[in-house]
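Dear colleague,

Please find below the structure that I am handing over to you, together with its sequence.

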Amino acid sequence: IGYRNECMAMLYEIFSLIEQKNVVGASCPRRKEMLMAKEYIDEHYIDPDADLSCAALARLCGISQGHFNKLFYAFFRTSPRQYICEKRLYDAECMMLSGNHNIGEIAAECGFGTVHYFSRYFRKKKGMSPSEYLGSH
C-alpha cells in the first residue's frame, strides 16, 4: 500500500504540473516573476523561518503587494496563502497515508506551526479530524 500511495502522490504531482503549465500564460510579461515566486514557495513552504508573506513575495518579484496578489491569482487560480496551505495539506496527507508519523510530527514537518492549527485546517478541508482520517485509512 505504501508504493501505491507514493505512485498516486507522484501522479497527482504530474497532474498539478501539467495544470500549472496550462494556466501560466507564456505571453504574460510577469510570467518569470510568478514562476520565481512559486519556486520560492515550493522550496521554503515547510521552513518555519522563511518569510512567505505576500509582502515578502511581492518584494522578491519587485512589484507591489496588490499587483502581486492579483497576478498570482490570475496565474495559479488561488491566493499565495491558499497555495501554501494546500501544499502543506498535501504533504501532510501523504505522510498520514504512509503510516509512519504521528499527528504532531506531521504538523511540524509540513510547516503548520502547531498541531491545533493543523487539526483545525485539516478538519475544515477534509471534513474530519486528522485522527479520524488516520483511523479510516
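**Findings**

Lys 87 counts as buried, at 18% relative accessibility. Please note from the outset that the model is predicted.

**Overall architecture**

The protein contains eight helices and zero strands. Its pattern along the sequence is accordingly α-α-α-α-α-α-α-α. The chain has 137 residues, of which 34% count as buried. Among contacts with a separation of 6 or more, 54% are between residues 24 or more positions apart. The accessible surface of the protein is about 8400 Å², and carbon and sulfur atoms contribute 56% of that area.

**Salt bridges**

Side chains of opposite charge can pair when their charged atoms come close. In the whole structure, six salt bridges were found. Three of them are described here.

Lys 38 and Asp 42 form a salt bridge through their side chains, with an N to O distance of 2.6 Å. Both residues belong to helix H2, which covers residues 31-44, and they are four residues apart, or about one turn of the helix. Lys 38 is buried, at 10% relative accessibility, whereas Asp 42 is partly exposed, with a relative accessible area of 25%.

Asp 42 also forms a salt bridge with Lys 87, where the closest N and O atoms are 3.5 Å apart. Because Lys 87 lies in helix H5 and Asp 42 in helix H2, this pair ties together parts that are 45 residues apart in sequence.

Another salt bridge joins Lys 125 and Glu 86, with 3.6 Å between the closest N and O atoms. Lys 125 lies in helix H7 (residues 115-126) and Glu 86 in helix H5, so the pair ties together parts that are 39 residues apart in sequence. Both partners are partly exposed: Lys 125 has a relative accessible area of 36%, and Glu 86 stands at 31% relative accessibility.

Leaving aside residues up to four places away in sequence, Arg 88 touches Tyr 45, Leu 52, Arg 81, Cys 110, Gly 111 and Phe 112.

**Cysteines**

A disulfide is a covalent bond between the sulfur atoms of two cysteines. The structure holds zero disulfides. The cysteines include Cys 54, which is buried with a relative accessible area of 19%, and Cys 61, which is buried with a relative accessible area of 7%.

**A nonpolar surface patch**

Leu 11, Tyr 12, Ile 14 and Phe 15 make a nonpolar surface patch of about 390 Å². One of these residues, Ile 14, is found in helix H1, which covers residues 2-23. Ile 14 is partly exposed, with a relative accessible area of 45%.

With kind regards

Conventions
Residues numbered from 1 in each chain as written. Predicted model: local features only at pLDDT ≥ 70, side-chain atom pairs only at ≥ 80, totals over all residues. Heavy atoms only, no water. Helix = DSSP H or I, 4+ residues; strand = E, 2+ residues; numbered from the N terminus. Buried < 20%, exposed > 50% of the residue type's maximum accessible area, 1.4 Å probe, protein only. Contact = heavy atoms within 4.5 Å. Areas by Shrake-Rupley, 256 points an atom, 1.4 Å probe, with all protein chains shown as cover. Patch = residues over 30% accessible without salt bridge, like charges linked within 9 Å, V, L, I, M, F, W, Y side chains within 5 Å. Salt bridge = Lys/Arg side-chain N within 4 Å of Asp/Glu carboxyl O. Disulfide = S-S within 2.5 Å.
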